[in-house]
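Here is a note for a colleague who is opening this entry for the first time. Please keep the sequence and the structure in view while reading.

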Amino acid sequence: MACYELANGYVLTGEEIERCAEQWEDGNWEGPLVTLRADRPCLSTEPSIRLSFKCPKSGADMIARAAEASGIKKSEFIRDAALEKAARVLTECRLDIPWPKGDIDYKQIVRDGKRECYESLA
């Protein structure tokens with residue numbers, strides 16, 4: 001059977017997993033239970049909202065190549081680009097709309113024109 005090395009260096013065998021699963025299913029499990037967060041890490045201290053959109057395949061391919069060239073994931077690349085564009089539009093239009101409150105300094109994104117200020121949140 002397979003063996004799995006855990007982060008603490010312990011090597012867990014397939015037999016151990018099967019034995020523990022059998023004990024759990026029989027109601028005889030005496031081992032500890034640990035609550036694990038099975039989610040992605042938080043982007044900031046404020047709540048996150050999921051956004052989705054469609055774009056032409058050629059655009060998706062270009063985004064994927066640009067993200068890879070930048071050494072980041074597509075979602076991070078798209079998020080950074082959207083935030084930078086939104087901040088630039090609001091600045092250029094000089095709208096009398098208050099800047100969103102939260103962890104991100106949107107005006108700094110426009111001043112820098114780069115993603116460094118957003119990276120500081122990670």
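The points below go from confidence and overall layout to single elements and side chains.

1. Confidence. The model is predicted. The mean pLDDT of the chain is 78, and 74% of the residues reach 70 or more. Among the elements, helix 2 has the highest mean pLDDT, 94, while helix 5 (residues 116-119) has the lowest, 42. Over residues 114-122 the pLDDT is below 50, although this stretch has 16 contacts in the model beyond near neighbours in sequence. Please read the end of the chain with that in mind.

2. Layout. The chain contains five helices and two strands. Read from the N terminus, the order of elements is β-β-α-α-α-α-α.

3. Burial and surface. Of the 122 residues in the chain, 13% are buried. The chain exposes about 10,500 Å², and 56% of that area comes from carbon and sulfur atoms. Taking the contacts with a separation of 6 or more, 30% are between residues 24 or more positions apart.

4. Helix 1. This helix covers residues 14-26, which is 13 residues. From its first C-alpha to its last it reaches 18 Å, close to the 18 Å expected at 1.5 Å a residue.

5. Helix 2. Does the length of this helix agree or disagree with its residue count? Helix 2 has 14 residues (57-70), so at 1.5 Å a residue it should span 20 Å. The C-alpha atoms at its ends are 20 Å apart, which agrees. Glycine 71 follows helix 2, and its phi is positive as well, near 75°.

6. The salt bridge. How many salt bridges does the structure hold? The structure holds one. Its partners are the side chains of aspartate 61 and lysine 57, with an N to O distance of 2.9 Å. Side chains of opposite charge can pair when their charged atoms come close. Both residues lie in helix 2, four residues apart, or about one turn of the helix. Is lysine 57 buried or exposed? Lysine 57 counts as exposed because its relative accessibility is 62%, over the 50% cut-off. Aspartate 61 has a relative accessible area of 32%, so it is partly exposed.

7. Cysteines. A search of the whole structure finds zero disulfides. Cysteine 3 has a relative accessible area of 52%, so it is exposed. Cysteine 20, at 29%, falls between the 20% and 50% cut-offs and is therefore partly exposed.

8. Points to check on screen. Another is the stretch of residues 114-122, where the pLDDT is below 50.

Definitions and conventions: Residues are numbered from 1 along each chain as its sequence is written. This is a predicted model: local features need pLDDT of at least 70, side-chain atom pairs count only at pLDDT 80 or more; totals for chains, interfaces and linings use all residues. Side-chain values use heavy atoms; hydrogens and water are left out. The expected span of a helix is 1.5 Å times one less than its number of residues. Buried means under 20% relative accessible area, exposed over 50%, partly exposed in between (1.4 Å probe, protein chains only). Contact means heavy atoms within 4.5 Å. Accessible areas come from the Shrake-Rupley method with a 1.4 Å probe; for residues, only the protein chains shown count as cover. A disulfide is a pair of cysteine sulfur atoms within 2.5 Å. pLDDT is the predictor's confidence in each residue, from 0 to 100. A salt bridge is a side-chain nitrogen of Lys or Arg within 4 Å of a carboxyl oxygen of Asp or Glu.
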